[in-house]
Amino acid sequence: MQPDFRGPDFRGHVSLTQYLIEEQRRHGAINADLRLLIEVVARACKRISIAIGKGALGGVLGEAGTGNVQGEAQKKLDVISNEILLEANAWGGHLAACASEEMADPYPIPDVYPKGNYLLLFDPLDGSSNIDVNISVGTIFSVLRCPEGVTHPTEKDFLQPGTRQVAAGYCVYGPSTLLVLTTGHGVNVFTLDREVGSFRLTRANATIPEDTSEFAVNMSNQRYWEAPMQRYVADLLAGKAGPRGRDFNMRWVASMVADVHRILTRGGIFIYPLDEKVKSNGGKLRLMYEANPMSFIVEQAGGAATTGRSRILDVQPTQLHQRVPVFLGSKHEVETAAKYHTDANQTTQV
Ligand code: AHM
Ligand code: MG
C-alpha cells in the first residue's frame with residue numbers, strides 16, 4: 001500500500017528524499033534526474049540559508065559593488081546565492097544549462113561534466129532589498145525540459161511558456177526555512193530541520209482559499225497605475241461602504257516569496273501591476289524565474305495567476321529576462337481583478 005502523506009502521522013517524519021522517491025513511484029512523473037535536480041537545488045538552498053543566517057557575523061550583508069543585467073545594484077548575498085546554485089548544479093549530470101536573474105546569458109554546463117535533459121532557471125535571492133534589515137527573503141526556481149537534440153542550449157531554448165514547466169519551487173528564509181515544491185501534482189511544503197540538516201514534509205497538498213479579504217501591493221506606486229487597477233484598488237479601499245461590501249486588509253513585505261507564502265498559507269491576492277514607471281519594460285517582475293514558477297505553484301494550489309489580461313502560464317516568452325504584470329493568489333479575487341482590466345479593454349483603450 002502507498003503511504004498517505006496527508007495523514008497527520010506523516011507530518012515532520014517524511015524527508016524530501018523519501019517524498020520524492022514515493023512521488024517517482026506513485027506518479028512516474030519524476031524520474032531519477034529530476035529527483036536529483038530537486039535535491040541538489042534543495043541542498044544549495046540549505047547553504048544559502050546558512051549564509052543568510054550568519055548575517056553580519058558572516059560578513060555577507062551589504063552591497064557587492066556590482067550591477068546585474070537588469071541594471072540593479074547587487075547585494076553580496078545576491079552574488080553568493082547565485083554562485084552556490086551554479087556550483088551545486090554544475091556537475092550532477094542532470095542539467096543542460098542554467099539561467100539566473102543575476103546573469104545576462106544562460107550558463108552552459110561546463111564540457112568536463114556530463115549534460116542532462118533539464119534547464120534550470122532561478123532568482124537566487126528574491127527580495128534582496130530586505131536582506132540588510134533582517135526580513136524574509138527567498139530563492140525561486142523553475143525547471144523546463146531542454147529541447148530534443150539540443151546539447152548546447154542558448155537563450156531561445158529557454159523561451160518556453162510556463163505551462164511547460166516540469167517543476168517549480170521556492171525557498172523562504174524566514175523564522176524557519178521552508179521549501180515549497182510542485183512537480184504538477186499539488187503543492188507540498190517542507191521545513192528545514194536545522195539540527196538534522198534535512199527538509200521534512202510539514203504541509204501536504206497545500207490549497208489557497210478561493211476567497212480573501214487581503215491584498216498585497218506597493219501602494220506608493222498608486223499614482224502610476226493604469227485606470228482599471230486604480231478602480232479595482234479604490235473599490236477594495238472603499239470597504240463595507242463600497243461596491244465590494246466588505247473591508248479589505250493590506251500586507252506588503254516587498255519580498256515576493258514572503259508575500260506569496262502568506263497567500264499560500266491563508267489566501268490573498270498579490271499584485272505587481274503595470275505602471276508608468278515600469279511600462280516600457282513590460283512590468284517589474286520577471287516572467288521566467290519569478291512569475292512563471294509562482295504561477296505554477298499557485299495554480300497547483302487551486303489559485304489563479306494572470307497578467308490582468310491573460311493567464312501568466314500561457315505567455316510565450318520572447319526574452320530570458322522579460323517582465324510581466326502579475327496578479328496571483330485566491331482564485332475568485334484574481335478573477336475579479338482581471339475583470340476590471342478586461343471590462344476596460346472592451347469599453348476603451350487603457
Ligand atoms: P528582486 O528579485 O531584485 O529582489 O526584485 C523583486 C522584488 C519582489 O520580491 C517584490 O515583490 C518586489 O521586488 C518589491 O518591489 P518594491 O520595491 O516596488 O516594493
Ligand atoms: Mg526576485
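This is a predicted model: local features need pLDDT of at least 70, side-chain atom pairs count only at pLDDT 80 or more; totals for chains, interfaces and linings use all residues.

Residues are numbered from 1 along each chain as its sequence is written, chains are lettered from A and ligands numbered from 1 in the order in which they are written, and side-chain values use heavy atoms, with hydrogens and water left out.

**Stop 1: the metal**

Select ligand 2, the magnesium ion, with Asp123, Asp126 and Glu290, its protein donors at 1.8 to 2.1 Å. Donors are N, O and S atoms within 2.8 Å of the metal (3.2 Å for Na, K and Ca); water is not among the atoms, so sites may look incomplete. Along the sequence, the spacing of the donor residues is D-x2-D-x163-E. Aspartate 123 has a relative accessible area of 0% and is buried; aspartate 126, at 5%, is buried too. Buried means under 20% relative accessible area, exposed over 50%, and partly exposed in between (1.4 Å probe, protein chains only).

**Stop 2: strand β13**

Select residues 269-272, which form strand β13. Strands (E, at least two residues) and helices (H or I, at least four) are DSSP runs, numbered from the N terminus. In a regular strand, side chains alternate between the two faces of the sheet. In β13, Ile269 and Ile271 lie on one side and Phe270 and Tyr272 on the other, and all are buried.

Strand β11 (residues 214-216) runs parallel to β13, joined by two bridges, and phenylalanine 215 is partnered with isoleucine 269. Strand β17 (residues 326-329) is antiparallel to β13, with four bridges; here tyrosine 272 partners valine 326.

**Stop 3: the largest pocket**

Which residues are closest to the centre of the largest pocket? Select Gly127, Ser128, Ser129, Ala254 and Lys284, from a lining of 25 residues. Strand β5 gives the largest share of this lining, three residues. By class, the lining has eight nonpolar, six polar and 11 charged residues.

**Stop 4: the second largest pocket**

Select Ser49, Ile52, Gly53, Lys54 and Tyr173, which lie nearest the centre of the second largest pocket, among its 22 lining residues. Helix α2 (residues 32-54) contributes the most to this lining, six residues.**Terms for the pockets**

On a 1 Å grid over the protein atoms alone, a pocket is an open set of points where a 1.4 Å probe fits, with protein on both sides within 12 Å along at least five of seven lines; lining residues have an atom within 4 Å of a point. Asp, Glu, Lys and Arg count as charged, Ala, Val, Leu, Ile, Met, Phe, Trp, Tyr, Cys and Pro as nonpolar, and the others as polar.

Conventions. Two strands pair if DSSP finds at least two bridges between them.
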